[in-house]
Amino acid sequence: MTRVSVFSSPLLLGFDHVERMIERAAKTGSEGYPPYNIEQIGEDGLRITLAVAGFGSGDLSITTEDNQLVIRGKQVDDKDRVYLHRGIAARQFQRSFVLADGIEVVGAELVNGLLHIDMRRPRPEPQIRSIVIRTGNGDSGNTIGVSGKSGGSV
């Protein structure tokens, strides 16, 4: 069966990366550990909070890789301990979040077993640019800006 993509329309030029991001998000969405919250903080702020009880700051790493926020945790088993019951496993994890273009990770803080990762979504400034229309005889004609008004050259 052939899969038809929503982004295969000739009117959606350059959106193939969006399809790849959606596929990546679908693959990573099935992970269950560690549990997390995502909060809106102010107008342009986001916060991801992961419950990482038992992990210290040295056991955790946070990286951004190709528009993806990746949080990894790895604990080392203490071989000197003898457990009569072990309900808290020393386990490793990797949790990934796909980030939209322009989202910046501002900082991270580990408090009471909760890892808080703060991000900022900068407001895009509208960009208006004029494109030169050349004719076949090498003459540069008028330019037409995005607003539709004639203007100077680029």
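Glu 43 counts as exposed, at 65% relative accessibility (exposed means over 50% relative accessible area, buried under 20% and partly exposed in between, with a 1.4 Å probe and protein chains only). The model is predicted, so that local features need pLDDT of at least 70 and side-chain atom pairs count only at pLDDT 80 or more, while totals for chains, interfaces and linings use all residues. Residues are numbered from 1 along each chain as its sequence is written, and side-chain values use heavy atoms, with hydrogens and water left out.

**View 1. Salt bridge between Glu 43 and Arg 123.** The side chains meet with an N to O distance of 2.2 Å (a salt bridge is a side-chain nitrogen of Lys or Arg within 4 Å of a carboxyl oxygen of Asp or Glu). Because Glu 43 lies in the loop between strand E1 (36-41) and strand E2 (45-51), and Arg 123 in the loop between strand E7 (114-120) and strand E8 (131-134), the pair ties together parts that are 80 residues apart in sequence (strands are DSSP runs of at least two residues, numbered from the N terminus). Arg 123 is exposed, its relative accessible area being 54%.

**View 2. Salt bridge between Asp 118 and Arg 47.** Here the N to O distance is 2.6 Å. Distant parts of the chain are linked, with Asp 118 in strand E7 and Arg 47 in strand E2, 71 residues apart. Asp 118 is partly exposed at 26%, and Arg 47 is partly exposed at 24%.

**View 3. Salt bridge between Glu 65 and Arg 72.** The closest N and O atoms are 3.2 Å apart. Glu 65 is partly exposed, at 33% relative accessibility; Arg 72 is partly exposed, at 28%. The count of salt bridges comes to 4, among them the pair shown here.

How values were computed
Helices (H or I, at least four residues) and strands (E, at least two) are DSSP runs, numbered from the N terminus.
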